[in-house]
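Trainee: I'd like to learn how to read a model like this one, feature by feature. Can we start with how strands pair up?

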Amino acid sequence: MLRITAALLFLSPVLASAQCLTDSALDGEITVEFGSGNVSHISRTENGTLLNAYSDNDSYYQETIFFESHAGIFETGRVLHEKGRWDALEKSTISYDQGVESIGSFAVGDSGGAMQSLSNDYRDTTSNFGWRAYESAPLVVGDCSYPAVRIFTTEFDARRGDINIREIKFLTDLGFGIQIGNSYYGLPTSDADIVSLTAH
């Protein structure tokens, strides 16, 4: 009997880590591990926005980028740190001329747009912002399957001729998106491979 109890105790962390996420996962923190070796720690802030602490271990200059957003899609801020340093290399705040914070459900074919204002230490810019939801296979991680849509966002600065594109895997049952592509920061394509998704 003692051997059975001991075996269950040893197995319990494995069983716990194999549990699939529910819509209450953001009551704590979610850790996402990508095929690139990069890691995101996603949590909900006091004002209800999401904070994604993304550790880029794949680049020559290892860095941590803090993305703040509504639902993981509509960014409201970015702070870039070189890994192991407290001082920020770049801070940006982002706002929209239309209330994107009220958008919470996304179906294939849904789209929208707004004027986006970005302000940081280097410049203030205004861009045409747009988003659209596309069909996606479910996100399968281990034994867990999460219904998802692919959402692409674009920021087009007509004055500078710059265009930035992000891709987000939005988990419809969980109500948040995981960024898997970002042309501004040149994130690796292997971020599209999510190998681990755990709640703490």
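Predicted model: local features only at pLDDT ≥ 70, side-chain atom pairs only at ≥ 80, totals over all residues.

Trainee: Where does Ala-71 lie, and is Ala-71 buried or exposed?

Mentor: You'll find Ala-71 in the loop between β4 (63-70) and β5 (74-82). With a relative accessible area of 16%, Ala-71 is buried, because the cut-off for buried is under 20%.

Trainee: Let's move on to aromatic rings. How do I decide that two of them pair?

Mentor: Check the distance between ring centres, which has to be within 6.5 Å, then the angle between planes: over 60 degrees is edge-to-face. By this rule there are 11 aromatic pairs. Take Phe-106 and Phe-170: their centres are 4.8 Å apart with 70° between the planes, an edge-to-face pair. Phe-106 is in the loop between β6 and β7 while Phe-170 is in strand β12, so this pair ties together parts 64 residues apart in sequence. Both Phe-106 and Phe-170 are buried.

Trainee: What makes the pair of Tyr-134 and Phe-152 edge-to-face?

Mentor: The ring planes of Tyr-134 and Phe-152 are at 80°, with centres 5.7 Å apart, so that pair is edge-to-face. Tyr-134 belongs to strand β8 and Phe-152 to strand β11, so to speak a link between distant parts of the chain, 18 residues apart. Tyr-134 is partly exposed at 38% relative accessible area, and Phe-152 is partly exposed at 26%.

Trainee: Which residues form one aromatic cluster?

Mentor: Phe-74, Tyr-96, Phe-106, Phe-129, Trp-131 and Phe-170 do.

Trainee: Which rings have a charge over them?

Mentor: Look for the charged end of a side chain over the ring. Arg-132 lies over the face of Tyr-134, 5.8 Å from the ring centre. The charged end of Arg-78 sits over the ring of Tyr-184, 5.3 Å from its centre.

Trainee: Last topic: how do I read a pocket?

Mentor: The general idea is that rolling a probe the size of a water molecule over the atoms shows where empty space is left. Here the largest pocket has a volume of about 180 Å³. Its lining has 15 residues, and those nearest the centre are Arg-123, Thr-125, Glu-155, Asn-164 and Tyr-184.

Trainee: Which strand supplies the largest share of that lining?

Mentor: That's β7, with 3 residues. At least two residues each come from β6 (88-96), β7 (111-120), β8 (124-135), β11 (148-157) and β12 (162-171). By type, the lining splits into 7 charged, 6 polar and 2 nonpolar residues.

How values were computed. Residues numbered from 1 in each chain as written. Heavy atoms only, no water. 1 Å grid on protein atoms, 1.4 Å probe; cavity = no way out; pocket = protein on both sides within 12 Å on 5 of 7 lines; lining within 4 Å. Points joined across faces, edges and corners; volume = space filled by probe spheres on them. Helix = DSSP H or I, 4+ residues; strand = E, 2+ residues; numbered from the N terminus. Nonpolar A, V, L, I, M, F, W, Y, C, P; charged D, E, K, R; others polar. Buried < 20%, exposed > 50% of the residue type's maximum accessible area, 1.4 Å probe, protein only. Phe/Tyr/Trp six-rings, centres within 6.5 Å; stacked < 30°, edge-to-face > 60°. Lys NZ or Arg CZ within 6 Å of the ring centre and 35° of its normal.
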